[in-house]
Amino acid sequence: MLEPITSYVAIGDSFSEGLMDPDPRVEDRYRGWTDRLALMLTESSVGSPNLSYANLAIRGRLLDGIVDDQVPQVLEMKPDLVSLCAGGNDCLRPKADIDALAAKFERAVIAMREAGIEVLMCNGFDTEFSTPLIRAVRPRVGIYNAHLWSIAQRHGCHMVDLWGLRSLYAAQMWADDRIHLSTEGHHLVAEQALATLESGRSLPVKGFGVPARPTRAIREVMSEESRWAREYLAPWVGRRLRGQSSGDTLDPKLPELTRVRDLVERSREVDRARGLGGADVPGAADAAGRSDAVDLTDSGGTRADETGIGGVNAPRDSEG
């Protein structure tokens, strides 16, 4: 039985930073599945109304940077729960040593479990439904996922099964860059994470198929692929050639454990307008409560950020 979670820290890359789930209150800031999960936990039987939350994730981070820079901060904070979702950016690199990545990931898990921290992991997306370039990394992601499942089993971690969450591969779940999730996608992942923590089970899934996508004319497809390569692929390749990352100059959006106190009305209204509702899983809350951003305050009751959920104000990017 999972003890009540009173503190939660998210670490990782853009996936856990929340790209491309924009904060409706301020431009170029993001919520994401981890912010949403933090709010859900304030209403969950496995969480606490006084839950405190930090987010150290930074877009573009490779596993080395996450383990070497973010994990030590987690060990200092000693939260009840940490979400560690990392390695996706490494898998995109052709020369990545997947076995070595898994070994480093496991060492980080061991350190946090020995400190008494519950660890929530995520396996990698199934890239079969992405662009041809990203589809090519599917074998590496599959091997990495097999390692992650073994690590979770060995050390008693909670696994959010993204590969098997077939409804996540509907077109509306993805941003225009085809690398990051949309608001709807982040919401669904948050529900999957909550279901995993509350019951040890994933959301209901049938088979291995994905929602049907409309058939399009060849000319339309080619035009869209050309636009995608120009707007998203070319900048990513350029940074690789320069040895740069979109997160090089960024700080974590919420570096200190901060109390999750109030729902943000504008965020609630935006999500309601999008039709985002609660999941039909044990302990799931209603549509209003589970999809909102949070108003984060420090222990003194002052706003951690008067205009948004975190301290990062940087341009959107296709970096992982």
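In the predicted model, ring pairs join Phe-15, Trp-33, Phe-125, Phe-129, Tyr-169 and Trp-174 into a cluster. The search of the whole structure returned 7 aromatic pairs. One of these is formed by Phe-129 and Tyr-169, whose rings lie 5.3 Å apart, centre to centre, with 45° between the planes, a tilted arrangement. Phe-129 is located in the loop between strand S4 (118–122) and helix H6 (132–135), and Tyr-169 in the loop between strand S5 (158–160) and helix H8 (183–199), so the pair ties together parts that are 40 residues apart in sequence. The two partners were assigned to separate burial classes: Tyr-169 is buried, at 1% relative accessibility, whereas Phe-129 is partly exposed, with a relative accessible area of 29%.

The loop between S5 and H8 also holds Arg-178. This residue has a positive phi near 65°, although it is not glycine, and is buried, with a relative accessible area of 17%. A positive phi, of about 50°, was likewise found for Lys-78, also not a glycine, in the loop between helix H3 (63–77) and strand S3 (81–85). Lys-78 is exposed, at 56% relative accessibility.

A cis peptide bond, with omega near -10°, leads from Leu-19 to Met-20. Met-20 belongs to the loop between helix H1 (14–17) and helix H2 (33–41).

With regard to cysteine, the search of the whole structure found 0 disulfides. Cys-85 is buried because its relative accessibility is 4%, under the 20% limit. Cys-122 is likewise buried, with a relative accessible area of 6%.

Terms used
Residues are numbered from 1 along each chain as its sequence is written. This is a predicted model: local features need pLDDT of at least 70, side-chain atom pairs count only at pLDDT 80 or more; totals for chains, interfaces and linings use all residues. Side-chain values use heavy atoms; hydrogens and water are left out. A disulfide is a pair of cysteine sulfur atoms within 2.5 Å. Buried means under 20% relative accessible area, exposed over 50%, partly exposed in between (1.4 Å probe, protein chains only). Rings of Phe, Tyr and Trp (its six-membered ring) pair if their centres lie within 6.5 Å; planes under 30 degrees apart count as stacked, over 60 as edge-to-face and the rest as tilted. Helices (H or I, at least four residues) and strands (E, at least two) are DSSP runs, numbered from the N terminus.
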